[in-house]
Amino acid sequence: MPHYSGPLLTRPIAEELQAARDAGSGAWTGSLNLGRSDGEALLEAEAWIWREQRYPYPAKLKDRTIYHWDGEEFAPVSRFSGSLIKLVPTQWGAPTFEIDGIKMLPTMKASPIEDARVKVALVEPRGKVVLDTCGGLGYFAACCLEAGASAIYSFEKNEDVLWLRTLNPWSPDPDAASSGGRLRLTHADVSQAIAQIGDASVDALLHDPPRFGIAGELYSQTFYDHLARVLRRGGRLFHYTGSPNKLTSGRDVPREVAKRLEKAGFKAQQALDGVLASKR
């Protein structure tokens, strides 16, 4: 699926464009791709021009919403097919996404890209073949590319999340020259697809599943046994768990995960907001 290259608007950016026009300016300089780069838009009374294409000034936009040009109007980057999946702006530029209003990436203290970079560093991906089990917006994969991984095999089950990736300039494009053919993104359920991955065929693992209540199969002993099977001896795994409230949930998910990983053949310890393990 080709990646979108048109403008992305949020309410503050749209207001800046209109304010510059109302002030009599003939041009506005800023980012129309969520902070990836700056550019210039030429301002006319009824429209503005960016990359040689003319766009109307949008009607009032909603907060916490990103809009793309769908050929006729600026439409929200969201879809509903059983669940509402939406790309959401952050103060850091790189967006997060939500499923039915539940934020999927931590953004309170740092950019989701920086958060991913710190976690990816734990598995030391340079020169390695990495399995990225639950690709999401692709931030783990982007950081693996940046860190010099030799290959990244990434799986994403949700078709709507894959669509979000094509509109998000921070999501890596497997077909882009900058990816160098190192990123293979597969639309599949990794809990099933992992059975087809060869024994000891990957050097590092990144596992960022949805919360336990949504995707319990990705926390199962059977799945962890597969993770141990496909990872070479000495290889590292970072498993995101978050920090669910033990008082309200009645569960210590990180501890449960560590115990299952130990049973599968890992040496595990809690690290950051998850579990870091190495294959024994």
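## Helices H6 and H8

Let's start with helix H6 (residues 221-230) and helix H8 (residues 253-264), whose axes come within 9 Å and cross at roughly 50°. Helices here are DSSP runs of H or I with at least four residues, numbered from the N terminus. Axes are lines fitted to C-alpha atoms over the stretch in contact, and angles run from 0 to 180 degrees between N-to-C directions. H6 and H8 are therefore oblique to each other (under 35 degrees is roughly parallel, over 145 roughly antiparallel, 65 to 115 roughly perpendicular, and the rest oblique). The crossing of H6 past H8 is right-handed, meaning that the near helix is turned clockwise from the far one by less than a right angle.

On the H6 side, Gln221, Tyr224, Asp225 and Ala228 meet Val257, Arg260, Leu261, Lys263 and Ala264 of H8, with contact meaning heavy atoms within 4.5 Å. These residues divide into 5 nonpolar, 1 polar and 3 charged (Ala, Val, Leu, Ile, Met, Phe, Trp, Tyr, Cys and Pro are nonpolar; Asp, Glu, Lys and Arg are charged; the others, Gly among them, are polar).

## About the model

This is a predicted model, where local features need pLDDT of at least 70, side-chain atom pairs count only at pLDDT 80 or more, and totals for chains, interfaces and linings use all residues. Residues are numbered from 1 along each chain as its sequence is written, and side-chain values use heavy atoms, leaving out hydrogens and water.

## Helices H2 and H3

Helix H2 (residues 112-121) packs on helix H3 (residues 139-147) at an angle of about 60°, their axes 9 Å apart. That makes H2 oblique to H3. H2 also passes H3 in a right-handed crossing. Among the contact residues are Pro112 and Ile113 of H2 and Tyr139 and Phe140 of H3. By class, this contact has 8 nonpolar, no polar and 3 charged residues.

## Charges over rings

Arginine 21 lies over the face of tyrosine 57, 4.3 Å from the ring centre. The charged end of arginine 36 sits over the ring of tryptophan 170, at 4.5 Å from its centre. Such a charge needs NZ of Lys or CZ of Arg within 6 Å of the ring centre and within 35 degrees of the ring normal.

Terms used. Helix = DSSP H or I, 4+ residues; strand = E, 2+ residues; numbered from the N terminus.
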